[in-house]
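Thanks for sending this one over. Here are my notes, as numbered points to read alongside the coordinates.

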Amino acid sequence: MGVVVQVSPAWLPPARNLERFSLLLWPCLSSAEMDSTNQSNLKRNKSEKKLLRKQIKARNTLMRHEGIECVSHTTQSLVVANGGLGNGVNRHQLLRLVEECGLVEALLMPPNKPYSFVKYGSTEEAKKAYDTLNGKEITLEDSDQNVTLYVNFVEKVHWEDIIPLSLPPGLMMVEELVSPEEEQKMLESIDWTENEVIQNAQKSLKHRRVKHFGYEFRYDNNNVDKDKPLPGGLPEICNTLLETCLKQGYIKHKPDQLTINQYEPGQGIPPHIDTHSAFEDEIISLSLGAEIVMDFKHPDGRTVAVMLPQRSLLVMTGESRYLWTHGITPRKFDIVHASGRQKVGSVTPDVGDLTLNRRGTRTSFTFRKVRRSPCNCTYPSVCDSQQGHQREEAPSFHHGETKASKLEQEYVHKVYEEIATHFSNTRHSPWPQIVEFLRTLPKGSIVADIGCGNGKYLGINKDLYMVTDLEIKLMRASLQGCFTEGPCSALIYSFDIGCDRSQNLVDICGEKKFQAFVCDALSVPVRNSSCDACISIAVIHHFSTAERRLAAVRELTRLLRPGGKALIYVWAMEQEYNKQKSKYLKEKRASKGKEEEINTDVAWGLFCDQMHDNGSQHSACSDQVLHDSKDKGSNAKQVINSKLPVHTNRTSFHSQDVLVPWHLKGGTNKKGECVKALQLPAGSKELQEFSPVFHRYYHVFCEGELEAACKTLDCIRIQKSYYDQGNWCVVLEKQ
């Protein structure tokens, strides 16, 4: 037995001298005891180093991505990385944790963010939380998933004043329209096993159950066949409900069409406007079985998240019915008010009162009145009855066109000019199904790649049409002087052609001996019906309004000859589909970029390794501060002040309109010139300037959204639609 030696903690030597210290104690400790002591200290040192390393990464990532500056001295306020709504941590669970360390004055949880802020009554309590919560692993209450918290001190956090969001004009909510007993009877009346279920609807709607009464709503043309009513009319059980709605003035005409949808948690419906020519003004929808958040969006970009309580009635008339899109984001959790102070209406993005709410199974009864004459509403830009006479004219945009163009100029065009060389270096592997499309085209086909980038798909098919000297004049004439910069003769040698909005990317195509020119995808300077095929790969999702996205599709079809085909790829909101994660989610964060957004900050992965399906509400904050200090703090722009949420790379999407970070590789400028790397302190201003972060605008598409947009054009036929590694894809043919 060895001799037990008690050592004062104050006298204990540093970790690096533990081995020497152990040798001094050799006469007193047995060999086994000394080995056990060394292993314990070594294990503790490794654990502490790992925690410190991840804590520093979290600190640097907050500064790099969010403009949130952490400090090394003790303050009353903390930022808790991995403790946010974006990680699936709800307010009640986090509040219980932080309250164990002292009096909590404020707990702020920005929507969709993987972090939260907490302010304590004293610095002593904040220090206790810092020591207690750092590296703490917790199991999420709503799942068996674990997350590890990393805590840092912050001086203060700004957030904007909360402006209550008003409902879209013409939208009304009626709570508790039916009793729980009536709700149960209505749900039990639905027989999902009957043959009445419309077979083609079941085939189109892969992820929710649907039944139609009165008239079948056809999803192939988003309309009804008014001459073919379904037998039986509307179910009798609905009569009392409709009489109440007529008596209370919620509707003026008794509906003759009913669609019943059943949504399981994680299911949704893409943003849409009910076809104007199909139904009259009033549309009502009863929510049974569970509450849910529905997202409304104006063409100018304004969004309102509306809570639809269980047993409530949604009434859409006027502007809310004709102009605003409405949809349900496919996710398993909604972001709602934690206090329960607002059971119905818009969900105000108050970071001091938000939490997660697990969805249940919701069944909706949506009633409409079939329209018997053309729609003559005051919203012609989105009215199919009125657009039919304008199909051959130039696209007419909403008054928000200028604003949308400025957004794209700042967050798309300028960004690609800056990152062109680095972007090109990460784009060298053609996607197989796109290659297959190009290789199956007939020999001699004239193909246009609209938004060609670095020319990854130019030259894939060597049998594409080669222009001879005799055809130069004809080709120049058909192109109408398409080159705004450089000689037109640059295009005459081979005819798969490319165009892109970025001059620097077009220059890279030229270096590869590909033929490309600069132009806008909304106005391609090539004659009508001059191409056998077009491709648009990862382009249309950069347009910031539905009208501009539709105009881009219309421009593709204009270029096609009758019988010509176009292939369109857009980024999907559903990065997990049929229980399979996309390559974007599966790709290791340290990889060097082969597909979309491979170049990401490894440290950012600390925040959202396991993201939940939740919230689409945009981040917003208040002018108040966590700390009353007069210090100006960091000048960095904080994301929580922006109207568009910044997406966390390598995680699921929680909003359709987002800014996606691009981390420009340190040492490479837009001309591709290499700069020798410097040894700079992490988080320093010099390092941020050396490796800047750019943000690109994206509208990620929900299932069916791209297909629905294409179907509004009466000159095309959709040959094929499919999902390919995190993208929604359509092959269309011009008729």
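1. N261 faces S364 of β22. The two strands involved, β12 (residues 257–263) and β22 (residues 362–370), pair in the antiparallel sense over seven bridges. Do keep in mind as you look that this is a predicted model.

2. That pairing belongs to an open sheet of six strands, with antiparallel pairing and the order β8-β17-β14-β22-β12-β9. At its edges are β8 (171–174) and β9 (209–213), each of which pairs on one side only. On average, neighbouring strands here are turned by 15 degrees against each other, direction ignored.

3. Helix α5 (residues 180–188) lies across β14 (279–288) and β22, and runs at about 105 degrees to β14. Helix α7 (residues 239–248) packs on the sheet too, where it touches β14, β17 (313–316) and β22. The direction of α7 makes about 125 degrees with that of β14.

4. Which residues touch the most other members of the largest nonpolar core? They are I450, C534, I540, I568, C710 and L732, in a core of 37 residues. Elements giving two or more residues to this core include β23 (447–450), β26 (531–537), β27 (560–571) and β33 (727–734), while α14 supplies the largest share, six residues. Leaving aside residues up to four places away in sequence, I450 touches C499, A521, V524, I535, S536, V539, L556 and L559. Apart from this core lies another, of 33 residues, with V71, L133, V147 and V336 among them.

5. On the α10 side the contact uses Y416, E417, A420, T421, F423 and S424, and on the α13 side Q503, N504, L505 and I508. By type, these residues divide into five nonpolar, four polar and one charged.

6. Is P110 buried or exposed? P110 counts as buried because its relative accessibility is 1%, and buried means under 20%. P110 lies in the loop between β3 (104–108) and β4 (115–120). P110 and G352 are 242 residues apart in sequence, yet their C-alpha atoms are 8.1 Å apart in space.

7. Finally, confidence. The chain has a mean pLDDT of 76, with 71% of its residues at 70 or more. Over residues 588–642 pLDDT stays under 50, although the model has 206 contacts beyond four places in sequence for them. Residues 671–684 are also below 50, with 18 contacts beyond near neighbours in sequence. Where pLDDT is low, the predicted coordinates should not be read in detail.

Key
Residues numbered from 1 in each chain as written. Predicted model: local features only at pLDDT ≥ 70, side-chain atom pairs only at ≥ 80, totals over all residues. Heavy atoms only, no water. Contact = heavy atoms within 4.5 Å. Helix = DSSP H or I, 4+ residues; strand = E, 2+ residues; numbered from the N terminus. Nonpolar A, V, L, I, M, F, W, Y, C, P; charged D, E, K, R; others polar. pLDDT = per-residue confidence, 0-100. Buried < 20%, exposed > 50% of the residue type's maximum accessible area, 1.4 Å probe, protein only. Core = buried A, V, L, I, M, F, W, Y, C linked by side-chain atoms within 4.5 Å. Pairing = 2+ DSSP bridges. Axes fitted to C-alpha atoms, helices over the stretch in contact; angles between N-to-C directions.
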